[in-house]
Amino acid sequence: MNTPTTAARHFAKITRCPYTGAALEAVSRQRLLELLTPRGAERLPAEADSALVTRGGELAFPVAGRTACFLESDALPLRQGADMPAAPSSGEVREAVRSWYDDFGWQRTDSGELGDTGLFSQQGAAGHGLYEMSSHLRILDHLPGGTYLLDAASGALAHPEYRAYSWFYDYRVCVDLSITALGEVSARLGDHGLCLRADMKRLPFPDGLFQGAVSGYTLQHIDAADQEAALAELVRVLAGGSSLSILTNVAPGPAGRLLHGLLRRWPGGDAQSDSTAEKVQPPSTLYCHLRPTAWWRRAGRRAGGRVFLRTLRLLRKDEFEKVFGSSTPAARRLGFLERLFPRLLRPFAEYLWVRIDKSR
């Protein structure tokens with residue numbers, strides 16, 4: 001093919017080099033091979049059908065289908081001696097998280113379920129599935145629609161309510177470290193989706209591109225030293241007057257420690273009643289650094305937005321099942337209380353909804 005793909009041309013309109021800030025243009029694979037150094041040509045993925053090249057002619061980023069790759073390891077030199085982007089100081093943590101998801105989290109278990117879903121979550125009609133789904137749907141009121149929705153660390157979009165977030169947007173732009181996850185996303189979204197393998201601390205977008213943004217259970221898996229920088233990046237690329245919704249576990253305060261300490265001592269209950277009770281075993285521990293509500297308030301303000309903190313869910317999956325088993329009436333009642341008293345219950349919450357509104 002002598003011309004770049006439609007997806008590559010679209011990427012060229014909305015992205016920039018995350019390392020130099022330079023504008024990008026789309027080229028075909030044939031043209032790219034003419035531009036690459038021998039070292040770059042050796043590293044060009046076989047599946048790449050186009051590329052994005054910096055206007056100054058230093059670097060190229062491969063595009064395969066509807067996925068563009070922007071990590072340092074993806075960058076290809078276009079001339080001898082071109083400065084290649086250096087790996088970040090937190091690269092060891094980032095690589096461990098990427099590997100955990102590529103090798104386990106977004107792989108299918110013997111039952112056909114994704115590893116991450118089986119470990120942390122639940123799909124289906126059992127009580128916790130309803131409890132989790134209804135909490136996620138609260139976010140929809142703050143996603144009014146537009147041209148582009150950013151989904152930062154989208155994962156594999158395993159839950160149907162996640163896919164509802166972009167109903168009123170022309171395009172859902174999904175960023176993730178895991179190429180496995182992005183393959184799932186591309187298959188689910190088709191032409192509605194644009195996928196990028198990129199670092200959340202170095203998003204390859206201009207300021208103010210997105211009319212809405214979501215990030216689910218993600219910042220806690222970024223190196224602690226980089227979490228505030230990643231949050232600032234999410235706000236930077238958000239259009240004025242738009243909202244960023246972050247779903248996250250929260251470091252518990254005294255009230256939270258008391259509640260969850262009591263739940264650990266709760267008698268057995270019907271914890272084995274749902275189809276995901278047989279735990280899948282990950283290959284390693286997933287890096288996680290939780291922040292208290294005060295940190296979210298400070299960091300969000302420093303990033304340039306108004307911060308609203310609300311209870312997302314009081315209980316983890318194992319806690320819900322220990323107390324309520326598979327009860328759907330309990331899920332409805334607990335969810336109703338959380339919606340009715342989102343600030344009152346916040347000190348007890350296991351999961352927080354952080355909403356940051358960017359001023360116009």
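Predicted model: local features only at pLDDT ≥ 70, side-chain atom pairs only at ≥ 80, totals over all residues.
Residues are numbered from 1 along each chain as its sequence is written, and side-chain values use heavy atoms, with hydrogens and water left out.

Strand β8 covers residues 193–197; here helices (H or I, at least four residues) and strands (E, at least two) are DSSP runs numbered from the N terminus. In β8, 5 of 5 residues are buried, where buried means under 20% relative accessible area, exposed over 50%, and partly exposed in between, with a 1.4 Å probe and protein chains only. G193, C195 and R197 point one way from β8, L194 and L196 point the other way, and all are buried. Strand β4 (residues 67–69) pairs with β8 in the parallel sense over 3 bridges; two strands count as paired if DSSP finds at least two bridges between them. Strand β7 (residues 169–176) also runs parallel to β8, joined by 5 bridges. R197 of β8 is the bridge partner of C69, and D176 stands opposite R197 as well.

Strand β12 (residues 351–358) is mostly covered too, with 7 of its 8 residues buried. Its pairings are antiparallel: 7 bridges join β12 to strand β10 (residues 243–249), and 8 bridges join β12 to strand β11 (residues 305–313). To locate these pairings, take I356 of β12, the bridge partner of L244, and Y351 of β12, the bridge partner of R313.

Next come the helices. Helix α6 (residues 127–137) and helix α13 (residues 328–340) have axes that come within 8 Å and cross at roughly 25°. Axes are lines fitted to C-alpha atoms, for helices over the stretch in contact, and angles run from 0 to 180 degrees between N-to-C directions. α6 and α13 are therefore roughly parallel, since angles under 35 degrees count as roughly parallel, over 145 as roughly antiparallel, 65 to 115 as roughly perpendicular and the rest as oblique. The crossing of α6 past α13 is right-handed; a crossing is right-handed if the near helix is turned clockwise from the far one by less than a right angle, and left-handed if anticlockwise. On the α6 side, G127, L130, Y131 and S134 make the contact, and on the α13 side T328, A331, R332, L334, G335, E338 and R339 do, contact meaning heavy atoms within 4.5 Å. These residues divide into 4 nonpolar, 4 polar and 3 charged. In that division Ala, Val, Leu, Ile, Met, Phe, Trp, Tyr, Cys and Pro count as nonpolar, Asp, Glu, Lys and Arg as charged, and the others, Gly among them, as polar.

Why is α6 largely enclosed by the rest of the structure? Of its 11 residues, 8 are buried, namely G127, H128, G129, Y131, E132, S134, S135 and H136. The buried residues of α6 pack against α7 (160–164), β10, β11, α12 (317–324) and α13.

The contact involves Q227, E228, L231, A232 and V235 of α9 and W295, W296, A299, G300, R302 and A303 of α11. Of these, 7 are nonpolar, 2 polar and 2 charged.

The loop between β6 (146–152) and α7 holds A153 and L157. Most residues other than glycine have a negative phi. A153, however, has a positive phi near 60°, and the phi of L157 is positive at about 55°. L157 is buried, because its relative accessibility is 1%.

Two residues remain. T5 sits in the segment before α1 (6–14) and is buried, with a relative accessible area of 15%. Its C-alpha atom is 7.3 Å from that of D49, although T5 and D49 are 44 residues apart along the chain. T5 touches D49 and S50, not counting residues up to four places away in sequence. E42, in helix α3 (residues 38–43), is exposed at 68% relative accessible area. The C-alpha atoms of E42 and D110, 68 residues apart along the chain, are separated by 36 Å.
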